[in-house]
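Thanks for coming. Please have the structure open while I talk.

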Amino acid sequence: RLFTVAVQRNFVQGRKTMHVVAVCLYIVCRKEKSPHMLIDFSDSLSINVFTLGSCFLKFCRLLNLEEQIPLIDPSLYIHRFAGRMDLGNKTQTVAQS
């Protein structure tokens with residue numbers, strides 16, 4: 001739905017489609033409180049994270065989404081980073097505390 005709005009508002013004009021698609025997916029992830037970061041999308045698509053961030057901010061301003069998108073809750077990423085620390089069977093304990 002967001003991508004359709006982007007096309008209707010000519011936001012795709014002059015931008016790569018994959019950038020706009022990634023921004024739309026990131027907005028949905030933020031609204032659903034999913035533990036995905038913008039850098040994950042940039043890594044997957046081999047896009048500069050600052051380019052993608054700029055596109056995200058411009059799209060949010062265009063649609064007045066600044067107030068609708070919740071701030072990132074850092075607790076969403078605790079399990080993710082604890083898993084990357086190679087703590088073995090203590091990973092779950094560290095993530096819970």
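**The chain as a whole**

Of the contacts in the chain with a separation of 6 or more, 59% are between residues 24 or more positions apart; contact means heavy atoms within 4.5 Å. What you see is a predicted model, in which local features need pLDDT of at least 70 and side-chain atom pairs count only at pLDDT 80 or more, while totals for chains, interfaces and linings use all residues. Residues are numbered from 1 along each chain as its sequence is written, and side-chain values use heavy atoms, with hydrogens and water left out.

On confidence, pLDDT is the predictor's own score for each residue, from 0 to 100. The chain averages 85, and 81% of the residues score at least 70.

The secondary structure is six helices and zero strands. Helices here are DSSP runs of H or I with at least four residues, strands are runs of E with at least two, and both are numbered from the N terminus. Buried residues make up 34% of the 97 residues, where buried means under 20% relative accessible area, exposed over 50%, and partly exposed in between, with a 1.4 Å probe and protein chains only. The chain exposes about 6,700 Å², and carbon and sulfur atoms supply 56% of that; the areas come from the Shrake-Rupley method with a 1.4 Å probe, and for residues only the protein chains shown count as cover.

**Helix 4**

Now to helix 4, residues 49-63. Its 15 residues should span 21 Å at 1.5 Å a residue, and the end C-alpha atoms are 21 Å apart, so the two agree. The expected span is 1.5 Å times one less than the number of residues.

Which residues of helix 4 are buried? They are Leu 52, Gly 53, Cys 55, Phe 56, Phe 59, Cys 60 and Leu 63. They cover an arc of only 160° around the axis, which puts them on the same side of helix 4; the arc is that of the directions from the helix axis to the C-beta atoms. On the other side, Phe 50 and Arg 61 are exposed. The cover over the buried residues includes helix 1 (2-8), helix 2 (17-31) and helix 3 (38-45).

Leu 62 also lies in helix 4, and it counts as partly exposed because its relative accessibility is 32%. Leaving out residues up to four places away in sequence, Leu 62 touches Arg 9 and Phe 11.

**Either side of helix 4**

Most residues other than glycine have a negative phi. Ser 46, in the loop between helix 3 and helix 4, has a positive phi of about 55°. Ser 46 counts as exposed, because its relative accessibility is 69%. Just after helix 4, Asn 64 also takes a positive phi of about 55°; Asn 64 sits in the loop between helix 4 and helix 5 (78-84).

**Helix 2**

Last, helix 2. Its buried residues include His 19, Tyr 26 and Arg 30, and helix 1, helix 3 and helix 4 are among what covers the buried set. Just after helix 2, Lys 33 takes a positive phi of about 55°.
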